[in-house]
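Subject: Structure handover

Hello,

Here is the structure we spoke about. Please open it first, then read the notes below.

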Amino acid sequence: MEPLLEVTPAGWWVETGLFYVALGAYLTAGFGYGWNLLGRREWGVVASATLRGAMLLHAGFLIARWANLGRVPLVGHYEFGNFLIWVLALAYLRAERRRLPGYRAVGATVSLFLAAYIAYITLFPMVSSLHRPLPPVLRYPLWLNIHVTTSALGYAGFSLAMAVALLWLVRERLASAAPAGGAPSTTPIRAALDFIPDSATLEHYMHEAATFGFLWHTAMIISGGIWADAAWGRYWGWDPKETWSLVTWVVFAIYLHARLTRGWRGRNTVYLVILGWAVMLFTWLGVAYLLPGIHAFG
Amino acid sequence: MPDAPGPPARRRSLDAVAGALRRLGSMRMGIVLLAFLAMTSALATLHPMERAIRDIYTSWWYLGAAGLLAANLLACSAARLLALIRRPGRPPAAGGCGSFATHVGLLVLLAGAAVGGATGFRASGGGTAGDSFAVTRAGLTIAIESVDLEYLADQRLRPIARTRIAVSRDGQVIGHDVVSINFPARVGGFSINHQTFLWAVHLVVEDPATGERSTPMRLVEGESLPLDGEGLALHFEAFLPDFFLAPGGEPVSLSYYPARPVLAGRLTRRGRTIGRGLLGMDRPETIVTRDGERRLELVGFENAVVLQVARDVGRPYVFGGAVLMLAGLYLSLGVAKGGKRDNGAPA
């Protein structure tokens, strides 16, 4: 029988209630960003405020789960996924605050990723929301919290970069589909094109997000090495999770070098970011389900 | 931008060095090597880990590519250093210093890993309280003074084993420490880590015909106890600390706490399984052997631990290089500037 922690009914209701209300708010914000992109500019402010509210509610959920578990909720796909969603929303809102108003276009694609991650933690049958106690190897709060937090920050940066890359591709597609000339904002395509920042600016946003992710991903690998040295007596063991984290790091390192040193711009850098995000996703999910290793913590 | 002042001969030699370094440390070469290492590393994860380590990660071509990448980094770092020092009168930019620090950090990390891999070693040993094992290559003897299990609130979770050890070299004790998961002992330049704990049982074999009883014999999980001269043995498969017979008839343990300890064993004749059975505390079982009947009795149990002893002189350089690399990244990627409100348009 699987060991589980006892949670009071009140604690469970608070946690579950906050979770679903926060999810509803995230999805509402996503619709708002979508409408905003298609020309209903008044929805931009609503979406932004709703996303802030969703984040607050979600923070409440994380705190409630923390209280129910008696530890920071960072272990397993459900808890990590929740934390990643929260950090991604935070990273996006931080960038939005600095880059208004054009950055709200990114909100529409970021919302797709928030929705996808929400779908994963709520609909995928192998993701469990049960309250599990920590196995002994994870009972090292200092490194557990540093390692997983840096990991979530890295994934959030890469996801944000991917959202911008997607918007870049959408913009290119719309630009090729839009009729030349015409009055601005008379059709949804025209309205979106008028609102989405130009390709060079989007590429700058993408680079900024990838840089943020790369820095934290590096910190994650280093903190993992220090912890692995204490727990397993080696800082690197070629475990599939470690290896794929390194591969993710290498793809983004290539992207940063190609852009900064060789001056790559445009479609090639967008494809590199998409590749990096795909590798990141495999590191997070693919490795967990397809490649057995010592990083299997539920 | 004016060239750096200095005698022409000196400048020419600097240019020649810079040119050579540029070729060796070219970005194209670095990217190709990184891509190659990433692809082979990713493909290697499709194999079992031990095989991937043996056949790929430690193969000559993989290590050769990593060595070439290190040379590329070295040349690239040297070129960056030259670029920094050939700007007299102008303070180096944070980005340039950061980039230099990142590459030097990565180089130090790779060098540390190479030195550690080439000169370090790893060995395992263990036993129960009172045992000791020698690590010949290190010239050390590790004496296990005690093994204590800390049961967690939920005893269905694996407990935490704490092992008190004494480390000796040439007969002299050089240190005492307690080892547990996440908390290794560092003695005399060696790291001693907890790997796992096992159960050891104490068995007494009695000949019912004569009433002769053996002294308690210790058997650790995975070991076998010979029962006659014709190859009959009891193989210790598992220890079930909190025995329960599941509805399907399968013996399981409900928790790690030894409330109802049972040995799950397998009788073998010359390595072939001829039967299975359970042996509870103080509930002897009689077995018919070629030498006559034998009564087996489980009279006690204790914990054994497996420890890893390792030496890695490159470790401080790996961690130092990693920290330098991270600091360099922070500087070079401009994150330190942060917080400024702007419209985000590229310059």
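Start with Asn182(B). Asn182(B) sits in the loop between β5 and β6 (185–187) of chain B. Helices here are DSSP runs of H or I with at least four residues, strands are runs of E with at least two, and both are numbered from the N terminus.

Some ground rules. This is a predicted model, in which local features need pLDDT of at least 70 and side-chain atom pairs count only at pLDDT 80 or more, while totals for chains, interfaces and linings use all residues. Residues are numbered from 1 along each chain as its sequence is written, chains are lettered from A and ligands numbered from 1 in the order in which they are written, and side-chain values use heavy atoms, with hydrogens and water left out.

Is Asn182(B) buried or exposed? Asn182(B) is buried, at 1% relative accessibility. Buried means under 20% relative accessible area, exposed means over 50%, and partly exposed lies in between (1.4 Å probe, protein chains only). Asn182(B) is not a glycine, yet its phi is positive, about 80°. Most residues other than glycine have a negative phi.

Asp170(B) also has a positive phi, near 55°, and is a residue other than glycine. Asp170(B) is in the loop between β4 (160–169) and β5 (172–179) of chain B. At 73% relative accessibility, Asp170(B) counts as exposed.

Ser59(B) is in the loop between α3 and α4 of chain B. Ser59(B) is buried, with a relative accessible area of 9%. Its side chain makes a polar contact of 3.3 Å with the side chain of Trp61(B). A polar contact is a pair of N or O atoms within 3.5 Å; within protein, one must be able to donate a hydrogen and the other to accept it, and residues adjacent in sequence count only if both atoms are side-chain atoms.

Helix α4 (residues 60–85) of chain B holds Ala66(B). Ala66(B) is partly exposed, at 24% relative accessible area. Its C-alpha atom is 7.5 Å from that of Leu37(B), 29 residues apart along the chain.

Next, the domains. Chain B is divided into domain 1 (8–121 + 317–332), domain 2 (122–197 + 307–311) and domain 3 (199–305). These bounds come from an automatic or database domain assignment. The centres of domains 2 and 3 of chain B, taken over C-alpha atoms, are 27 Å apart. Between them, 21 residues of domain 2 are in contact with 12 residues of domain 3. Contact means heavy atoms within 4.5 Å.

How much area do domain 2 and domain 3 of chain B bury between them? About 1300 Å², with 60% of it on carbon and sulfur atoms. Buried area is the accessible area (1.4 Å probe) that two parts lose on being put together, summed over both. In domain 2 of chain B, Thr128(B), Tyr151(B) and Phe197(B) lose the most area to domain 3, together 40% of what that side buries.

The count between these two domains of chain B is 1 salt bridge. A salt bridge is a side-chain nitrogen of Lys or Arg within 4 Å of a carboxyl oxygen of Asp or Glu. There are 4 residue pairs in polar contact between domains 2 and 3 of chain B (both at pLDDT 80 or more). Elsewhere in my list, Asp131(B) and Arg218(B) meet through their side chains in a salt bridge (2.7 Å, N to O).

Now the two chains together. 53 residues of chain B are in contact with 52 residues of chain A. Chains B and A bury about 4500 Å² between them, and carbon and sulfur atoms give 67% of that. The count between the chains is 2 salt bridges. The side chains of Asp229(A) and Arg315(B) meet in a salt bridge (2.7 Å, N to O). Chain B and chain A have 9 residue pairs in polar contact (both at pLDDT 80 or more).

Last, a residue of chain A. His131(A) is in the loop between α4 (104–123) and α5 (141–177) of chain A. His131(A) is buried, with a relative accessible area of 7%. Its side chain makes a polar contact with the side chain of Arg65(A) (3.4 Å). Leaving aside neighbours within four places in sequence, His131(A) is in contact with residues including Leu4(A), Trp12(A) and Asn68(A).

Best wishes
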